[in-house]
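Have the sequence and the coordinates open side by side.

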Amino acid sequence: MSFGVKLKVWGDYACFTRPEMKVERVSYDVITPSAARGILEAIHWKPAIRWVIDKIHVLEPVRFENIRKNEVGSKIPATKAKSAMKSGQLDGLHMCVDENRQQRATLALKKVAYVIEAHFEMTGKAGPDDNPAKHLDTFRRRAEKGQCFHRPCLGLREFVADFELLEELPQLENPQTNDLGWMLYDIDFARDRTPLFFRAQMTDGVIDVAAARDQGMVR
Amino acid sequence: MPSLQNRYDFVLFFDVSNGNPNGDPDAGNLPRMDPETNQGLTSDVSLKRKIRNYVAMAHEGEQGHEIYMTERAVLNEQHARAYEAANLKSESKKLPKKEAEARALTRWMCDNFFDIRTFGAVMTTEVNCGQVRGPVQISFGRSEEAVLPLEISITRSSVTNEKDRDKERTMGRKHILPYGLYRVHGFINPKLAEKTGFSEADLETLWTALRDMFDFDRSAARGEMASRRLIAFKHDSALGNAQAHKLFERVTVSRVDGDELRPVGDPRTHNLPPARSFADYHINLDDLGLPDGISIVEPF
């Protein structure tokens, strides 16, 4: 693919939550392709294109830190909001957070840095004036200037990501080789949000997502 | 009112004297710390709580400034329940089916609640647009230098339980930091502001809240906390004109040593006495040669 980009992202903390451990969140060892796609989309995305992650370079050693916070247990009930909207009264439409408390831990990653290698493909929604060069150009221009549609994050919104467009791949200082087990690849929104998994192998600090994708996904 | 048009990246400095800015539930309410560097931490949500409390108090009863995530029950709730009962027949528990309906609902919630408009909220599960991301994103706070948590034992000259009557007094513990200067990074995103209707006036409210929130959050545990300085980088455009981390690098903190300034972390700060007041620090803002389209706003 000629429309590839290399983006370096880094931050103090990250949490790419394992779906099987999401009440007390435990992060995967590395960024998931799905989170990486989210970061690229935060910088530039249009319905005409779809980002595909090819490789993930892990620049820092994998380290964890535990953070426990007071969180709220429930969501805003749409019915309650609706009835308040109808009556035009706000009374009683609120949530008492101290009566709805859940203390949850997050096993987050610490001091992470990755290089995401990705390309995009055109989708069926591409109009007549959508061409790959235009989108590539927009992405590169934005990433170079630090522009973003919304601030990208490393799994959770409080863990903000800094980013930089790269031309050359950086030399890895201490590359790790590790079998990371089954990891979430992405959520298939076309098929009623089925999660897709892949076998993540980190070889010399690089996870070859494209190769894993060729081997097929597991639902 | 039109929504915010510019991107902002801001740095907030606040300090604490003889208090605990944010207890860690995992560590018996000790101040949160980074175990590797001993820097103090504060969670994003602790600051958001204070912003909510401030806005709830300062804008009480004002249209569009309700707070959804409140800390205490509101007396009107019973009243509202009656209202709801009178007005509505058996409402199905189903989520809104139509997208337009869900959109209207979200819109209305954004219009009425400051915290939903600012920080976003998850309203429903099934309908995607029932979830709003707010324009304001706050990261973890981190102290400039390592902090020293102290455990202070206190006594109470009365007892709670009958069986302790003979003891006459009980002991308690408080955790305090003698001093800590914290730095927080925040981001305001006009593209998301567009979706929630976060306006210029809301931005002013946010700046004021960041300035005054600690003044109305006094408690036995907090000690003395105060916002010290807020530096906001205003981008000319909605998408921004420079990389946020490069802007943040322009804001540096030094220790004051007599007439000299030594950058935090410099080996020459190692034998300085520990910082115990804001006067021991100097915040420097490099505003020379700012990238095109960036201006600095200092609300305080």
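## A buried arginine

Where in chain A does A:R151 lie? The answer is the loop between α3 (132-145) and β7 (162-166). Keep in mind that this is a predicted model.

Now for its surroundings. A:R151 is buried, because its relative accessible area is 5% and the cut-off for buried is under 20%. A polar atom of the A:R151 side chain sits 3.0 Å from the backbone oxygen of A:A161. Leaving out residues up to four places away in sequence, A:R151 touches A:G146, A:V160, A:A161, A:D162 and A:F163, and on chain B it touches B:R7, B:Q137, B:F187, B:N189 and B:A244.

How many of the 10 residues of strand β3 in chain A are buried? Eight are, which leaves this strand (residues 49-58) mostly covered.

On the pairing side, β3(A) runs antiparallel to β6(A), with nine bridges joining the two. If you want a spot to check, A:I49 stands opposite A:M122 in β6(A). β3(A) is also joined to β10(A), again antiparallel, through three bridges. There, A:K55 has A:D208 as its bridge partner.

## Positive phi angles

As a rule, most residues other than glycine have a negative phi. Here are two non-glycine residues that go the other way.

A:K111 has a positive phi of about 45°, and it lies inside a strand, β6 (residues 101-122) of chain A. That's the strand joined to β3(A) by nine bridges. A:K111 counts as partly exposed because its relative accessible area is 41%, between the 20% and 50% cut-offs.

A:D204 has a positive phi of about 50°. This one lies in a loop, between β9 (194-203) and β10 (206-208) of chain A. A:D204 has 49% relative accessibility, so it counts as partly exposed too; the exposed class needs over 50%.

## Helix α2 and what follows

Which residues of helix α2 in chain A are buried? Within residues 78-87, they are A:A78, A:A81, A:S83, A:A84 and A:S87.

Just after α2(A) comes A:G88, with a positive phi of about 70°.

Key:
Residues are numbered from 1 along each chain as its sequence is written. Chains are lettered from A and ligands numbered from 1 in the order in which they are written. This is a predicted model: local features need pLDDT of at least 70, side-chain atom pairs count only at pLDDT 80 or more; totals for chains, interfaces and linings use all residues. Side-chain values use heavy atoms; hydrogens and water are left out. Helices (H or I, at least four residues) and strands (E, at least two) are DSSP runs, numbered from the N terminus. Buried means under 20% relative accessible area, exposed over 50%, partly exposed in between (1.4 Å probe, protein chains only). Two strands pair if DSSP finds at least two bridges between them. A polar contact is a pair of N or O atoms within 3.5 Å; within protein, one must be able to donate a hydrogen and the other to accept it, and residues adjacent in sequence count only if both atoms are side-chain atoms. Contact means heavy atoms within 4.5 Å.
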